[in-house]
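Let us take a friendly walk through one protein chain. Have a look at the picture first, and then we will go through some of its parts together.

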Amino acid sequence: MSGARALLVAAIIITWLTMAAVPSEARTLQVGLGSGRAAVSLGFPAGAQLVLPGGDTVALAPGDWVWVGLARAMVQLGRSGPRWVAQQMAEALGSVELPVTYRYLQGSWIAYLGPFVSGSEAWSAAKQAQQAGIPARVVWAYHPEGELTISWRGGALQPVSRVGELVRASGTSFTVDGRQYRGEVHIWGLPDGTVQVINEVDLEAYLRGVVPAEMPAEWPLEALKAQAIAARTYALRHCVAGGRHEGFDLCDGTHCQVYAGAGREHPRTDRAVKDTQGVVLWFGDRLADTVYHAHAGGRTEDAEQIWGSAVPYLRGRPVPAEPPRLWSWMLPEVELLQALARVVRQEVEGPLVEFNVLQWFPSGRVRRVSLVTPSGQYVVSAERLRSAIGATRVRSGFWEVAKGQERTMILGMSAAQVAAVLPAGDPVRITRLVPAPALGVSYCTRQEPLWVFWGDGFGHGVGMSQWGAQGLALDGWTHGQILQFFYPGTRLGPWKGP
Ligand SMILES: [Zn+2]
């Protein structure tokens, strides 16, 4: 690495470390699209300006793509065909000593030189082959031990440093693995060798991709407006406070709020965003903590019951006009014990002998549970167990549980094969082995203990219930009244800047 490049990388690392502490521009957000990926493919339907490490810029034409990831180079010889053609192609290299590999893809064979760890090795190998009169070109394949590389249509291939900002591109829109977004895109290399995609986007454009992802676009406009204001306030509050993520303001998942980009925009949610442009919810002179969830199960929850500290406007209350949303989930006992092991951070031996609720919150949500196994009795927080099982399985704090039993068929496996793939201590019992020679397989039935959870509601229950907001809007409430109901004591007002 040259001295200048080392300095640049150091500067980028420092920027990376301090980015989170600096408030963003008045209304521009840095949104992390997914978490570290091995590789990413960006598309630019309307063209873009690409900025490479070191500051060189490239004008991308409409339809151009950029690929960033851990890559290994191969040199493809000629075209695909029967195996003997591929072999002849490789043999024609004669005395040139280069590694040859063959791949069988979609019915025909291709000969490759390589793999090569670096692009430059591959380029010189391709040149040798070309000098021997063989058509050869460098192709790239994802490989965990390869080098981090940027390539783009019509451009040279560039190895890049693994840590820091690798590339940025600005245009009117771009796609990430086919999904469309507005604004700028930045790709950062993380220390673990993965790449992080960050979308720098105007707040209002961001909201156009959030509201339809968080609430069905056909719901009443007043509910959509309440959602737009809650999402705007939530985004700005966390953007100003920082600290939720390192290197960007918000992620695009339920951890922050779901952001699906420009492909998900809808005229009705666009209107809800536009009609409430710049409006946020204040508590005193601070942005309110506008947390929300899908369905309260009939009653919202006090913030302190879930997160430990009380917030004056996040108090549990009955939600009128929220239709019941009942759910059930059958969980294999082995998965329940694995979830318990994650909560107590130690090995838990099966079978589960007893599973009881010890305590409920005043709202009726489960607070504390007891599980008894041969390795002991475990008393744990119900919310922690719920999130270890999966918050989309046991969907809310309102639940009951009972032991159930179900038979499951495993096709195409012998009893010995089934036993071999089951984790040690799995309580599954193989009950029957049925040979099916006509199908060329045998299959067996197995019996496994299951626990059945059922309940009402979806989410943590604090703040606004989205289904409740829909119900109130259908009853004729305005977005202001809906927000006042779920966040009492707050007021609507314009955002004044950081
Ligand atoms: Zn997040």
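A crossing of two helices is called left-handed if the near helix is turned anticlockwise from the far one by less than a right angle, and right-handed if clockwise. Helices here are DSSP runs of H or I with at least four residues, and strands are runs of E with at least two, numbered from the N terminus.

What you see is a predicted model, where local features need pLDDT of at least 70 and side-chain atom pairs count only at pLDDT 80 or more, while totals for chains, interfaces and linings use all residues. Residues are numbered from 1 along each chain as its sequence is written.

**The whole chain**

The chain holds 12 helices and 28 strands. Of its 498 residues, 36% count as buried, meaning that 20 or more other C-beta atoms, placed from the backbone, lie within 10 Å of the residue's own.

**Two helix pairs**

Angles run from 0 to 180 degrees between N-to-C directions, and axes are lines fitted to C-alpha atoms, for helices over the stretch in contact.

| Helix pair | Angle | Axes apart |
|---|---|---|
| H8 (residues 333-344) and H9 | about 125° | 9 Å |
| H5 (residues 221-241) and H11 (residues 466-474) | about 140° | 8 Å |

H5 and H11 are therefore oblique to each other; angles under 35 degrees count as roughly parallel, over 145 as roughly antiparallel, 65 to 115 as roughly perpendicular and the rest as oblique. Their crossing is right-handed. Glu 222, Ala 223, Ala 226 and Gln 227 of H5 meet Gln 466, Ala 469, Gln 470 and Ala 473 of H11. By class, this contact of H5 with H11 has 4 nonpolar, 3 polar and 1 charged residues.

H8 passes H9 in a right-handed crossing as well. On the H8 side, the contact involves Leu 336, Ala 339, Leu 340, Arg 342 and Val 343, and on the H9 side Arg 384, Leu 385, Ala 388 and Ile 389.

In which order do the 3 strands of the open sheet lie? The order is S21-S22-S23, with antiparallel pairing; two strands pair if DSSP finds at least two bridges between them. S21 (354-360) and S23 (376-381) stand at the edges with a single partner strand each, so one side of each has no neighbour in the sheet. S21 is joined to S22 (residues 366-373) by 6 bridges, and Val 357 stands opposite Val 369 in S22. Helix H9 (residues 382-389) lies across S22 and S23, at about 95° to S23.

Note on methods:
Buried ≥ 20, exposed ≤ 12 C-beta atoms within 10 Å, placed from the backbone. Contact = placed C-beta atoms within 7 Å. Nonpolar A, V, L, I, M, F, W, Y, C, P; charged D, E, K, R; others polar.
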